Amino acid sequence: MKLIADSGATKTDWWIGEVAGHGRKVQTEGINPFHQGEEAIRSIVTDQLVLQLGEHEAKSCTAVFFYGAGCLPSTSEKVIHCLQESLPQATIEVHSDLLGAARAVCGHEAGIACILGTGSNSCLYNGQEIVENVSPLGYILGDEGSGAYLGKRFVGDCLKGLLPAGLRDGLLEEYGLTPALLLEKVYRQPLANRFLASLVPYIHRHRQQPEVAAFLTDCFGQFFLRNVLAYHSPLPASFTGSVAWYFQEEVKKAATHINIPVGSFVKNPIEGLVRYHGTV
């Protein structure tokens, strides 16, 4: 019986199954060994995961494939140790969320794998492993095409008068903001990237407006220009992440403008990972 996990900052999606087409999903809090110690990880595994799996499935698990944010070579051992304690019969592999995204969207084929969510990332993938990665650099220096980047650019363009005043006024009214409060949230309060990304639903609702359509083409174009083109590869770019999923047409349009082939869009990486590992 295999256990496959896709873990982010807030939640972990788990799939457990034995044969093709037979399995089920459970969900726990997110596990990020870069920010969490063994005690916190152990608590999630024992109090949430094992409780939902039950004793029989936990003891029957023979292989674990865990993909998660913060899973670096220097931090992954904590996850392996905590999983091994509760799943003693299993061999355990822990990999980065970027490799998980690549395997989810490209499967066993070579390609360029891209994540567009709150942040962004990309890699050149050979069908099994990552062979090249352009650093995303975070939402201040990079993260082009991400939710945080879209929010940052949109707020800036609204306040500088580069977008219609109606868009600015509607944004401020809907979120209960003023220009001064916007600056407070971005420069003085924590988690500015999440705040900026929280404005994306407003952008999405107005995406048909010509000025917003042009704005989105430019934002996603910057992702391609500053990340994907750096791989100098003719392979198609495939996507996962909430921003990629809900702005598929805009992403494709930006790619067409600079002649980049586009592959698949996967909403939930766990589904692609289950396929990759041959359980569906």
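Phe224 is buried, as its relative accessible area is 1%; buried means under 20% relative accessible area, exposed over 50%, and partly exposed in between (1.4 Å probe, protein chains only). The model is predicted, so local features need pLDDT of at least 70 and side-chain atom pairs count only at pLDDT 80 or more, while totals for chains, interfaces and linings use all residues. Residues are numbered from 1 along each chain as its sequence is written, and side-chain values use heavy atoms, with hydrogens and water left out.

**Aromatic pairs**

Rings of Phe, Tyr and Trp (its six-membered ring) pair if their centres lie within 6.5 Å; planes under 30 degrees apart count as stacked, over 60 as edge-to-face and the rest as tilted. By this rule there are 8 aromatic pairs. Two of them are listed here.

| Pair | Centre to centre | Angle between planes | Class |
|---|---|---|---|
| Phe220 and Phe247 | 5.9 Å | 50° | tilted |
| Phe224 and Phe239 | 6.0 Å | 85° | edge-to-face |

Phe220 counts as buried at 1% relative accessibility, and Phe247 counts as buried at 1%.

Phe239 is buried, with a relative accessible area of 0%. Ring pairs join Phe223, Phe224, Phe239 and Phe265 into a cluster.
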